[in-house]
Amino acid sequence: MDPYLTDLLSVIHSTPRPVDEKLVISAWEFAARAHADQFRRSGDPAISHATQVAKTLALWNLDTTTIISGLLHDTVEDTPVTLPELETKFGPDVALIVSGVTKISTIKLIGSTQDQFTENLRKMILVMAKDLRVILVKLADRLHNMQTLKFLPLEKQVTTAKETLEIYAPLAERLGMGEAKGQLEDLAFPYVYPSEYARLISQISPLVSSGQKYIEKFRRELHLLITPSFPGALINTRKKHLYSLFKKLNRPGIDGDLSLIHDLFAARIIVDTKEQCYEILGLIHGKFHPVPQLGISDFIALPKPNGYQSLHTKVFGPGGQIVELQIRTHAMHEEAEMGIAAHWFYSQAKTRGVANKTLEAGVFIPQKKLAWVKQLVNWQADIKDNSEYLNALKFDALQNRILVFSPLGDIYDLPKGATPVDYAYAVHTKLGHQTIGAKVNSKLVQLNHQLSNGDLVEILTDSKRKTPNSDWLNFVVTTTARRCISQVSK
Ligand code: MN
């Protein structure tokens, strides 16, 4: 058997997901025949790329259809193979996904005028919305292309890396795929910011080996502390992704000062239940004092907008050095690393046999996670003006988000800078129109007050009021609020 195929099969065997191996073998052989005599710029045969993409998808625990689509993703674009042929041989889902990936590949996002850019982004979102597996294959494809970027001409390197930083990494983040996002950013970083990258590397290299030794020592101490009461707990360590370190260093208040970064290395404890997370936090704080001010973040009770859950604490470790600890369950861990891909696995196992052709069949993924994709698709039809659409997309979907709570405890996902009026329109158009005041965490605030993550927002209304105040357009930031207000007050 060909070593590439053997390699793919051994990865498939290492994952918990049952995969139709016969189908994978026949798809691999089909792809290898189609790409025969084609080579990558690296000198490797083209099938090495298709195999690598399929391996990544298998590692993300995706289903047979997605893995096969990964193997075949370049056949229609680069070989005489046609979509009807793929449909006959491998079924309509594979044909749909491959056609989606092919379309996205021809969409040029960087280096075009703004209008073209937006138009192309529109196309991409539409393609992706048909079946989210399209974007998963595309992310796996981009990951391998970034790993082999050095073989491309210089100019192509920079545009591809920029596109990765601006579009694909934020998309991976919005899909909750933290690991893929970190890898894509770190691969793109040296091409987009070569001198900053070199400076950062030389700045941190003295810290890396000592940091590594220290965290390993700390891990052993944690092991002695935790294992007697929680024999099943998994204790490991992680090094911060370089690009995320770079971004953190550039934050105001940090201004490049490495001594203010406490999570270059962190220890991670993974357990079975949420209760155990809190018990372990107590155990740790009993031995290692939490650092005042830097404190504890409870992202279990208050998840990050992309769904991330974990307890974070900073403690004085051995020798008084500040160390970050992350405590989470296996499910939270999987979700943090794999995001939407993790959901695919779990919920599809539950609802096996349900066809997932349309976005509406998004039962595989919690509806809340899909809400922003749906919203973008609705806007496609609604928003004719390209620059408005681009703003909606860049700002509402890809920017930093905050989570706020309704008085009943419902969670709303809003962009940073959102105001009580944005919140009101996110809840309901009528609530928006009737807004006369707002309370945040029980205190009266101005309607242009900027909400923070975790705020409890209460809207004061006048039920007789039918139309919004057009002055609100001066401060609302969401496309939903802007559109509701301008439609009525026209
Ligand atoms: Mn490819």
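**Before you start.** Residues are numbered from 1 along each chain as its sequence is written. In this predicted model, local features need pLDDT of at least 70, side-chain atom pairs count only at pLDDT 80 or more, totals for chains, interfaces and linings use all residues, and side-chain values use heavy atoms, with hydrogens and water left out.

**Stop 1: Asp74 and Asp141.** Select this pair. Asp74 sits in the loop between helix 4 (64-72) and helix 5 (75-78), while Asp141 lies in helix 9 (residues 133-147), 67 residues apart. Helices here are DSSP runs (H or I, at least four residues), numbered from the N terminus. Are they buried or exposed? Asp74 counts as buried because its relative accessibility is 14%. Asp141, at 4%, counts as buried too. Buried means under 20% relative accessible area, exposed over 50%, partly exposed in between (1.4 Å probe, protein chains only).

**Stop 2: around Asp141.** Show its contacts (heavy atoms within 4.5 Å). Not counting residues up to four places away in sequence, Asp141 touches His49, Val53 and His73.

**Stop 3: helix 11.** Buried residues here include Leu184, Phe189 and Val192. The buried residues of helix 11 pack against helix 9, helix 10 (154-174), helix 12 (194-226), helix 13 (242-249) and helix 15 (330-338).

Technical notes
Helices (H or I, at least four residues) and strands (E, at least two) are DSSP runs, numbered from the N terminus.
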